Amino acid sequence: MNPLLVVTGGTKGIGRAVVERFAEGGFDVVVCARNENDLRQLKHEIEESVAEVLEGFDDAVIPTIFPFAADLAQRTDVNLLIDFIRSLARPVSALVNNVGIFLPGQIHNEPEGTFELTMNLNVASIYYLTRGLIGNMMKQRHGHIFMMGSTASVTAYPNGGSYCISKFALLGMAKELREEMKPYGVKVTTLLPGATYTDSWAASGLPEARFMQAADVAEVIWSAYNLSAGAVVEEILLRPQLGDIK
C-alpha cells in the first residue's frame, strides 16, 4: 500500500506542485480544495501522467488521488474533511497545510470581515485539521506536519494587514506543535517562501524569472520529508535569488 499524503489548497500553485511531487514519489494523496471541477481535472491529469512515468515497471503501484471539495474557512467543512480521511482507515504519513488566502490591506482600513475570514482559513482551519489527524500520528510514532507560512511570518510589511497577523500566528502554532511532538517522533516543519510564481502573481506584469517556481518549494518539502528519522528541518526560508519582490 502506498503511503498517504494530505494536501489542502492542492489544485493550484504550490499545493498542486506538492501533489505532483509526492504522487511521482509513490504517495496516494487526499487533495482538498473548494472547486469540484478543478479537483476532478487534477485527479485525471496526475493519475494519467504518473501512470505514463511508471509504465513498464511491473511492480509499480499507480498512486490514487482522493479529491475532497470543502471550504475550510467553515469549521463544519473541516470536520467533514477529517471524517473523510478517517474513513479511509489508513495512516497519514504527511500533512501539508497549504490552504490560505491573501487579501491586501492595512489593519486600520481593510474591509470589515477581512480579519475573521483570514484567520479562519489561514489559522483556525489548520489548527482543527491538524488536531483531527495528529492523534494517529502520535500513536504510530510517525508522521510529518508541514505548515505553509511565508516570509510574512517573519517580516511585516505595510500592505500585509490580517495576512501578516495570520502568518505570524501560524509560525507560532508550528513552534508550539514542534515542542509537543518531540516525544512522539512526529516531525513539524514550517515553510517560509517568498514570492512564488502562481496565479495570484501572474497578473503582476513582472517577469516569471523574477519569482521562485512552485516546483522548487515542493522539492524542498519532499527533501525534508525524506530525511532520516533522527533529523528534522524546523523552518525553511526561501526567497527568489534576487531577493524579495516589493
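The buried residues of helix 2 (residues 36-54) are covered by elements that include helix 1 (13-24), strand 2 (28-33) and strand 3 (65-69). Contact means heavy atoms within 4.5 Å. Helices (H or I, at least four residues) and strands (E, at least two) are DSSP runs, numbered from the N terminus. The model is predicted: local features need pLDDT of at least 70, side-chain atom pairs count only at pLDDT 80 or more, and totals for chains, interfaces and linings use all residues. Residues are numbered from 1 along each chain as its sequence is written, and side-chain values use heavy atoms, with hydrogens and water left out.

Leu39, Leu42, Ile46 and Val50 of helix 2 are buried (under 20% relative accessible area; exposed is over 50%, partly exposed in between; 1.4 Å probe, protein chains only). Seen down the helix axis, the buried residues fall within an arc of 60° and so line one face. The arc is taken from the directions from the axis to the C-beta atoms. Asn37 and Glu52 are exposed on the other side of helix 2.

Strand 5 (residues 144-148) is mostly covered, with five of its five residues buried. His144, Phe146 and Met148 lie on one side, Ile145 and Met147 on the other. In a regular strand, side chains alternate between the two faces of the sheet. Strand 5 runs parallel to strand 4 (residues 92-97), joined by four bridges. Strand 5 also pairs with strand 6 (residues 187-193) in the parallel sense, over five bridges. Pairing requires at least two DSSP bridges between two strands. Ile145 is the bridge partner of Leu95 and stands opposite Val188 in strand 6.

Terms used:
The expected span of a helix is 1.5 Å times one less than its number of residues.
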